[in-house]
Amino acid sequence: MDYKNITIAGSGVLGYQIAFQTAFHGFHVTVYDINDEALEKAKAKFSDLGEAYKKDLNATQQQIDRTSQNLSYTTDLAEAVKDADLLIEAVPENPAIKTDFYKKLAKVAPEKTVFATNSSTLLPSQFAEATGRPSKFLALHFANTIWIHNTAEIMGHAQTDPKVFDDVLAFAKAIGMLALPLHKEQPGYILNSLLVPLLSAATRLLVTEVADPQTIDKTWMKATGAPTGPFGILDIVGIMTAYNIDKIAAEKTQDELKIKTVNYLKENYIDKNKLGVSTGEGFYKYPNPAYKDPDFLK
Ligand code: NAD
């Protein structure tokens with residue numbers, strides 16, 4: 001693996017974390033997003049992440065300064081990838097947006113660039129053709145708060161070149177990840193094969209009025225010893241991502257309960273800008289969510 005220049009497309013919740021983590025580990029990182037407003041939002045997260053790395057990883061100010069020097073920003077896609085060894089795509093979890101993105105990218109990226117999708121629920125084979133380079137395309141999936149929950153699931157599709165797979169595995173290790181290879185395509189990888197059913201079971205209990213979010217979280221936390229319940233996790237993941245996942249499922253299955261869940265999330269959370277930790281409120285209020293209160297489980 002001789003990657004040096006890495007481009008991150010999409011600088012939202014996950015994209016910017018990937019950019020920061022990669023720059024922190026010495027790679028040259030270009031952050032691409034669709035407009036200046038999105039990039040300004042990303043830049044504003046820099047100092048918060050720097051503080052988090054100092055607190056959680058004992059990072060020095062010198063390391064944070066170097067991270068800053070390794071990061072550049074652009075809204076011009078051709079400029080963003082002109083020298084990229086690897087592009088990691090973290091644009092919204094929407095098949096139409098991703099397909100459109102890959103088609104545009106295929107036109108401007110140099111031949112050497114490997115493309116990796118960070119999609120949580122969509123399979124790389126779905127976009128392989130749009131990339132124009134199926135053998136140099138695979139999934140590299142991170143978890144939220146990647147400097148602490150540093151898992152990287154690496155998953156090819158049938159046409160991914162094994163050398164590309166091994167290079168991306170080595171890259172993941174080089175940026176401090178626990179690299180987790182999957183032997184075949186699996187919707188939701190390992191993590192979300194476990195997590196998504198848990199989160200949808202929790203929202204089902206809420207939408208069918210069986211119990212409120214705090215009671216559901218308390219049950220899960222006390223009974224399993226987990227530090228966070230499903231609604232706490234939903235706030236971290238971002239309710240918009242959960243909403244998008246449910247929306248795709250509802251459109252596909254026309255399942256009544258799924259449709260009800262989508263409407264419920266829209267009315268009570270999305271429309272009120274209660275998107276989770278990122279907007280200061282979701283199922284809990286931040287920065288001090290009730291579930292972190294020592295008395296929460298009493
Ligand atoms: P987000 O909505 O926070 O960020 C998406 C970003 O993409 C925004 O900055 C937006 O401006 C930008 N964008 C929109 N259209 C674009 C385009 N055409 N080209 C480039 N950028 C564009 O989303 P997110 O939560 O960071 O999720 C991004 C991807 O990462 C999704 O595929 C999601 O499944 C995956 N992911 C998310 C999480 C999570 O916990 N949020 C975890 C793992 C993986």
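Hi everyone, let's start with a pair of strands: E4 (residues 86-89) and E5 run parallel, joined by four bridges. Strands here are DSSP runs of E of at least two residues, helices are runs of H or I of at least four, and both are numbered from the N terminus; two strands pair if DSSP finds at least two bridges between them. A quick word on the source: this is a predicted model, where local features need pLDDT of at least 70, side-chain atom pairs count only at pLDDT 80 or more, and totals for chains, interfaces and linings use all residues. Residues are numbered from 1 along each chain as its sequence is written, and side-chain values use heavy atoms, with hydrogens and water left out.

Back to E5. Which residue there is the bridge partner of leucine 87? That is phenylalanine 115. On the E6 side, phenylalanine 115 has phenylalanine 137 as its bridge partner. E5 and E6 (residues 137-142) also pair in the parallel sense, over three bridges.

Are the residues of E5 (residues 114-117) buried or exposed? Val114 and Ala116 on one side, and Phe115 and Thr117 on the other, are all buried (under 20% relative accessible area, with a 1.4 Å probe and protein chains only). So both faces of this strand are covered.

Key: Buried means under 20% relative accessible area, exposed over 50%, partly exposed in between (1.4 Å probe, protein chains only).
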